[in-house]
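Let's take a walk through a protein model together. Keep the sequence and the 3D view open as you read.

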Amino acid sequence: MKNWSKEGWKWLSSVARSSVHFHGNVGVVAKHNHSPVTVARPFGSAIDGGNEVDLHRLTREFLVKLWVDDRKMRNPRGRKLVKYCGGYGGDPRWFSASSGVVTRGKRRPVLKQPPISQSVSEFLKPRSSLEAKVAPLLARSNLLITRDIEWANLVLGFEQENRYAIVDVCYPQSPVGYIREQSNVITRQLLRLRRPFVARITDALGNEFFRVRRPFWWITSSIYAEIDGKEVGVVHRRWHLWRRIYDLYLGNKQFAVVENPGLWNWTFTLKDINGEVLAQIDRDWRGFGFEILTDAGQYVIRFGSSDPSSKIGLAAAIEDLEVSRTLTLAERAVTVALAISLDNDYFSRHGGWNMCTFLLAFYYLCVSLVLTVQLSEN
């Protein structure tokens, strides 16, 4: 492809350094030891009013091509919206699902998935292609899942789709994944916590690891873990007046049970049929304001390790939960589904309380106090 910009500017530079004599609509450039060069003014077509065609005239098409090539040279890739994950470099507990930053720039930054913190050999070796797909996310000893603040729900009581950020505590610079709910806006407002939804678990680039599916429920809830559209496990909640009991299945075989005493106990321990610890999910306290006004919960999943030599990288310096055996990658996917179910079953507000309601109640409280003071003075 001919470089119109380079040739055009070179020719115009030679014209500018030469003496130009215009006759009517054209000009003649005098050069040393060369024949005169005619320069047509815009839309000029002939020399000295004659019929001779000017081969060097600046036509509209030439100027358009010159302008386009010049724009391409100045901005070859164009200005694009670039989305990247900004790391805080500090406490990973302050990550949110909206921690991705959108900026404008000419160069796209390279996004890298944080390295795994557990070796995928021996105990965690993928048993199938489905497990190999989720290994970059779940081959870690500890995961921190943080739910984003839903501002429309906080201010207006409008139920939004849940969003979470997943962080490996060994590499807090950037999230290792995100969880995005997909549900119908009408069913969210009508059914609230009983609504059916599908949540996609992806990496920082949006590539899907697996997804969880939670159908509508009336008395007890269930949530399914699916990898590449294939169901690998399910979590069933058992009804109890105050205890929180869940059964975890891999296929048709139960591999763990959770029996939480309820009330203010926020630790959910996965145990096998012999009562041995397999993993643990802790719900963190984020502060009075977060807990009273928002649904922005935070959960720590401790998969632990039965073999200290399986920890690699920075994970070797962290004391892990002692477990009887290491959960497989498929079982860990079901455990993540349990954390999502816990957040929706017990730690999400049932609607009604929002910022407007709180401010209105505070206003009436202040008015009542003022009236009480005035009446007491009279």
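Before we start, one idea you'll need: a residue is called buried when its relative accessible area is under 20%, exposed when that area is over 50%, and partly exposed in between. Also keep in mind that this is a predicted model.

Asp 282 has a relative accessible area of 12%, so it is buried. Its side chain meets that of Arg 302 in a salt bridge, with N and O 2.1 Å apart. Asp 282 sits in strand β16 (residues 277–283) and Arg 302 in strand β17 (residues 298–302), so this pair ties together parts that are 20 residues apart in sequence. Arg 302 comes out at 27%, so we call it partly exposed.

Now zoom out for the big picture. The protein chain has eight helices and 17 strands. Of its 378 residues, 43% are buried. The chain exposes about 21500 Å², and carbon and sulfur atoms supply 58% of that. How much of the contact list comes from residues 24 or more positions apart? Taking the contacts in the chain with a separation of 6 or more, such residues account for 50%.

Back to salt bridges. Another joins Asp 148 and Arg 163, at 2.6 Å from N to O. Asp 148 is in the loop between β6 (142–147) and α4 (151–156), while Arg 163 is in strand β7 (residues 163–168), so the pair ties together parts 15 residues apart in sequence. Are these two residues buried or exposed, or something in between? Asp 148 has a relative accessibility of 8%, so it counts as buried. Arg 163, at 33%, counts as partly exposed.

Look at Arg 147 next. Arg 147 forms a salt bridge with Glu 150, and the closest N and O atoms are 2.7 Å apart. Here both Arg 147 and Glu 150 are buried. Salt bridges can also link up into a network, as Glu 159, Glu 181, Arg 192 and Arg 195 do in this model.

Arg 192 is found in the loop between α5 (185–191) and β9 (197–202). It has a positive phi of about 55° although it is not a glycine. Leu 263 also has a positive phi of about 55°, and it isn't a glycine either. You'll find Leu 263 in the loop between β14 (253–260) and β15 (267–271). With a relative accessibility of 67%, Leu 263 counts as exposed.

Time for a helix. In α3 (residues 129–138), which residues are buried? They are Leu 130, Glu 131, Val 134, Ala 135, Leu 137 and Leu 138. These residues cover an arc of only 165° around the axis, which means they lie on the same side of α3.

Gln 113 lies in the loop between β5 (100–105) and α3. Its relative accessible area is 29%, so Gln 113 is partly exposed. Which residues does Gln 113 touch, leaving aside its neighbours within four places in sequence? Gln 113 is in contact with Pro 136, Arg 140, Val 176, Asp 203, Ala 204 and Phe 209. The C-alpha atoms of Gln 113 and Gly 177 are separated by 8.7 Å, even though the two residues are 64 residues apart along the chain.

Another helix to visit is α7 (residues 329–345), where you'll find Ser 341. At 1% relative accessibility, Ser 341 counts as buried. Its side chain makes a polar contact with the side chain of Arg 214, at 3.1 Å. Beyond neighbours within four places in sequence, Ser 341 is in contact with Arg 214, Ser 221, Ile 223 and Tyr 246.

Last stop: the cysteines. A disulfide is a covalent bond between the sulfur atoms of two cysteines. How many disulfides does the model have? The count comes to zero. Among the cysteines, Cys 170 is at 5% relative accessibility, so it counts as buried, whereas Cys 366 is partly exposed at 32%.

How values were computed
Residues numbered from 1 in each chain as written. Predicted model: local features only at pLDDT ≥ 70, side-chain atom pairs only at ≥ 80, totals over all residues. Heavy atoms only, no water. Helix = DSSP H or I, 4+ residues; strand = E, 2+ residues; numbered from the N terminus. Buried < 20%, exposed > 50% of the residue type's maximum accessible area, 1.4 Å probe, protein only. Polar contact = N/O pair within 3.5 Å; in protein donor to acceptor, adjacent residues only side chain to side chain. Contact = heavy atoms within 4.5 Å. Disulfide = S-S within 2.5 Å. Areas by Shrake-Rupley, 256 points an atom, 1.4 Å probe, with all protein chains shown as cover. Arc of directions from axis to C-beta. Salt bridge = Lys/Arg side-chain N within 4 Å of Asp/Glu carboxyl O.
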